[in-house]
Amino acid sequence: MPKNDQRQSLRQELRKKRRALTEQQQDEAASGLLNQWHAHQIHLSTQTPVNKIALYLANDGELSPHQIANDIFSRDTITPQTTLYLPALNNDKLLFAHYSKSSEWHTNRFGIEEPVDENALLPNQLDLVFLPLVGFDEQGGRLGMGGGFYDKSFAQKKPKEKPLLIGLAHECQKVNQLPIASWDVPLDGILTPERFIWF
């Protein structure tokens, strides 16, 4: 099977798996993710300051980081300067808009909510990015939804350089080895509800 067909077939299979998770399973997974974040945030902060953190609004069965966001909103979990950001479309790449409890919102062309922010950050201005994904392997490979927005946005990033790219995923999204394309940006780590994998 050609690589592109293999990737698309795998993408469909893994999306089906994560969409099959019940609401209760998703809630438990989000709680597990928060516990893993608490257990490993000090390790991550030794790699680079983690004041500017990007995450995402989950859909299509993605593992939701909303409990991490709520935790940061409710207390200064790392430093008093910790701020959150969400991806905002900028043609075929991403900017990162400031996200707070008082954010104003608009809807992008895919029907996804984005905070309104005239001073959105460039990707390299972030310290840590939690990325959604469809599939991952234990070599740092990430399979996304196919739009390439994250890959294009972080195309110039080298491993272990700022920002750290940490994929968030259910364990059911793991495969032995992904068919990697030349444009795929490798992850620095994976956080699941059960563990943290540092590459």
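Modeller: Asp 60 sits in the loop between strand 1 and helix 3. Helices here are DSSP runs of H or I with at least four residues, strands are runs of E with at least two, and both are numbered from the N terminus. The model is predicted, local features need pLDDT of at least 70, side-chain atom pairs count only at pLDDT 80 or more, and totals for chains, interfaces and linings use all residues. Residues are numbered from 1 along each chain as its sequence is written, and side-chain values use heavy atoms, with hydrogens and water left out.

Asp 60 is not a glycine, yet its phi is positive, at about 60 degrees. Most residues other than glycine have a negative phi. Asp 60 is also buried, with a relative accessible area of 19%. Buried means under 20% relative accessible area, exposed means over 50%, and partly exposed lies in between, using a 1.4 Å probe and protein chains only.

Helix 3 covers residues 66–74, and its buried residues are Ile 68, Ala 69, Asp 71 and Ile 72. They lie on the same side of helix 3 because they cover an arc of only 160 degrees around the axis. The arc is taken over the directions from the helix axis to the C-beta atoms. An α-helix has 3.6 residues a turn, so residues three or four places apart point the same way.

On the other flank, strand 1 (residues 52–54) pairs with strand 2 in the parallel sense over three bridges. Two strands count as paired if DSSP finds at least two bridges between them. In this pairing Ala 54 stands opposite Tyr 85 of strand 2.

Step on to strand 2. Strand 2 also pairs with strand 3, this time in the antiparallel sense over seven bridges. Leu 86 belongs to strand 2, and its bridge partner in strand 3 is Ala 97. Leu 86 is buried, at 2% relative accessible area. Its C-alpha atom is 9.4 Å from that of Val 129, which is 43 residues away along the chain.

The hairpin of strand 2 and strand 3 has two residues between the strands. Asn 91 lies in that loop. Like Asp 60, Asn 91 is not a glycine and has a positive phi of about 60 degrees.

Another loop joins strand 9 (164–168) to strand 10 (189–191), and His 170 is in it. His 170 is buried, at 5%.

Last, the space. On a 1 Å grid over the protein atoms alone, a cavity is a set of points where a 1.4 Å probe fits but cannot get out; a pocket is an open set with protein on both sides within 12 Å along at least five of seven lines; lining residues have an atom within 4 Å of a point. Points are joined across faces, edges and corners, and a volume is the space filled by probe spheres set on them.

The largest pocket holds about 740 Å³. Its lining has 33 residues, and Pro 132, Met 145, Gly 147, Phe 149 and Tyr 150 lie nearest its centre. Among the elements giving two or more residues to that lining are strand 2 (83–90) and helix 4 (149–153). By class, the lining has 17 nonpolar, seven polar and nine charged residues. Ala, Val, Leu, Ile, Met, Phe, Trp, Tyr, Cys and Pro count as nonpolar, Asp, Glu, Lys and Arg as charged, and the others, Gly among them, as polar.

The second largest pocket holds about 180 Å³. Strand 3 (93–99) and helix 4 each give two or more residues to its lining.

One cavity reaches 30 Å³ or more. Its lining includes Tyr 150, Asp 151 and Phe 154. By class, six lining residues are nonpolar, none polar and two charged.
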